[in-house]
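Reader: Hey, could you walk me through this one? I'd like to get my bearings before class.

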Amino acid sequence: MSLFLCPLCKSTLIPDTKTWRCDGSENPKKTFHSFDVARQGYINLLPVQQKKSKAPGDSEDSIQARKRFLAAGCYAPLQQALVAIVAGLVDEDIKKSDAKRPINWLDIGCGEGYYSQALAKLNLDNLIAADISKPALIELAKKGKSANKLWYQQKEDKKTAIFPMVASAAQLPIKPNTLFGISSIFSPILPKAFFELLKKDGYLVIAKPDQGHLASVRQALFEDVREHDSDKFLQELAPYFELIERFEVAANLELSPDALADLLTMTPYSYRAKIERRQNLLTLATNSAFVTQARFVIFVLKKTAAN
Ligand SMILES: C[S@@+](CC[C@H](N)C(=O)[O-])C[C@H]1O[C@@H](n2cnc3c(N)ncnc32)[C@H](O)[C@@H]1O
Ligand SMILES: [Zn+2]
């Protein structure tokens, strides 16, 4: 059964190797829509009318900076913690009599897929990696394709099939009540929309910067350092989700000038900081590695029965 909905007419959308087609059943004109799979292996399901700008989401520059920074292993402890948490949820489900198979997972705001690729190694059935940024999806799809993990490469064996998708979190082309879980790693959180997509008792896993995250970087950039308010968004989630666990993850970082420059490009800090402060910070790091600590918090929530 297809998990997807046509972004134009909301009919069932059927994935295929080269072109995805809707069945037109919900379309008053009963005509079909078709969406071509990009050469790199992603599918663009963001119609022009849903685009708020010409190139929405993270830019090519910030995607490339994040790719280099993450490849150096700086946030590996967060990746490992996330994978362990999701693995635990999946294992627990397999033991239940009313198991929620197939296990469909959505990584929303997946970026170039540092966390999605790690999740794809788990015992999931389908992993939808969605982001509004096309350059992010190009990177993610290229990696997924070379690892033979894209949906059309997965017909024979039963490993996780990745669906790399350009889509907006606000209008996801996914059928309601189909997902086992959603992860949002430093990405948008839409309580009602996520609630509707999840199956009964489905999970929402959220990662955010914790208090003290990159404190020495922020002290160097700003006179007034505002703290991350990690828990405020929980109030908005409360009608739809129950918090079941909260984990803290920290990583000590010794950043080279290049890694620090990448960090500044991939975070919103760089836009708000004064140019000269930014320059001073980068100069500091040329003499000896710049020491800081990354601090994250992971929330595991469960869909409530009613809202
Ligand atoms: C801080 S990045 C995190 C990326 C990735 N999860 C990671 O941690 O490496 C936030 C991501 O959310 C995406 N994004 C922003 N608004 C979005 C929206 N409305 N729908 C889908 N993705 C969105 C951006 O393009 C960006 O890739
Ligand atoms: Zn359609």
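This is a predicted model: local features need pLDDT of at least 70, side-chain atom pairs count only at pLDDT 80 or more; totals for chains, interfaces and linings use all residues.

Reader: Ok, which domains does the assignment give?

Author: The domain assignment gives domain 1 (1-36) and domain 2 (37-303). Taken over C-alpha atoms, their centres are separated by 27 Å.

Reader: And how many residues does the contact take from each domain?

Author: The contact uses 14 residues from domain 1 and 14 residues from domain 2. On the domain 1 side, β1 (4-5), β3 (19-22) and β4 (34-36) each supply at least two residues. By class, that side of domain 1 has ten nonpolar, two polar and two charged residues.

Reader: Pick one, say alanine 129. What is in contact with it?

Author: Leaving aside neighbours within four places in sequence, the contacts of alanine 129 include Asp107, Cys110, Leu140, Phe163 and Met165.

Reader: Switching topic: what order do the strands of the open sheet come in?

Author: Eight strands form the open sheet, in the order β5-β8-β7-β6-β9-β10-β12-β11, with mixed pairing. At the edges stand β5 (43-44) and β11, each with a single partner strand, so each has one side left without a neighbour in the sheet.

Reader: How many bridges join β11 to β12?

Author: There are 14 bridges between β11 and β12 (residues 290-303), and the two strands run antiparallel. As one example, alanine 251 has alanine 294 in β12 as its bridge partner.

Reader: And isoleucine 244, is that buried or exposed?

Author: Exposed: isoleucine 244 has 12 other C-beta atoms within 10 Å, and 12 or fewer counts as exposed. Isoleucine 244 belongs to strand β11 (residues 241-255). Not counting residues up to four places away in sequence, isoleucine 244 touches Val300, Leu301 and Lys302.

Reader: How far is isoleucine 244 from alanine 273, going by C-alpha atoms?

Author: Their C-alpha atoms are separated by 37 Å, and the two residues are 29 residues apart along the chain.

Reader: Last one: what surrounds ligand 1?

Author: There are 19 residues around ligand 1, and the closest are Gly57, Gly109, Gly111, Ser133 and Ala169. That shell divides into ten nonpolar, six polar and three charged residues.

Technical notes:
Residues are numbered from 1 along each chain as its sequence is written. Chains are lettered from A and ligands numbered from 1 in the order in which they are written. A residue is near a molecule or strand if its C-beta atom, placed from the backbone, lies within 6 Å of it. Ala, Val, Leu, Ile, Met, Phe, Trp, Tyr, Cys and Pro count as nonpolar, Asp, Glu, Lys and Arg as charged, and the others, Gly among them, as polar. Helices (H or I, at least four residues) and strands (E, at least two) are DSSP runs, numbered from the N terminus. A residue is buried if 20 or more other C-beta atoms lie within 10 Å of its own, exposed if 12 or fewer, and partly exposed in between; C-beta atoms are placed from the backbone. Two residues are in contact if their C-beta atoms, placed from the backbone, lie within 7 Å. Domain bounds come from an automatic or database domain assignment. Two strands pair if DSSP finds at least two bridges between them.
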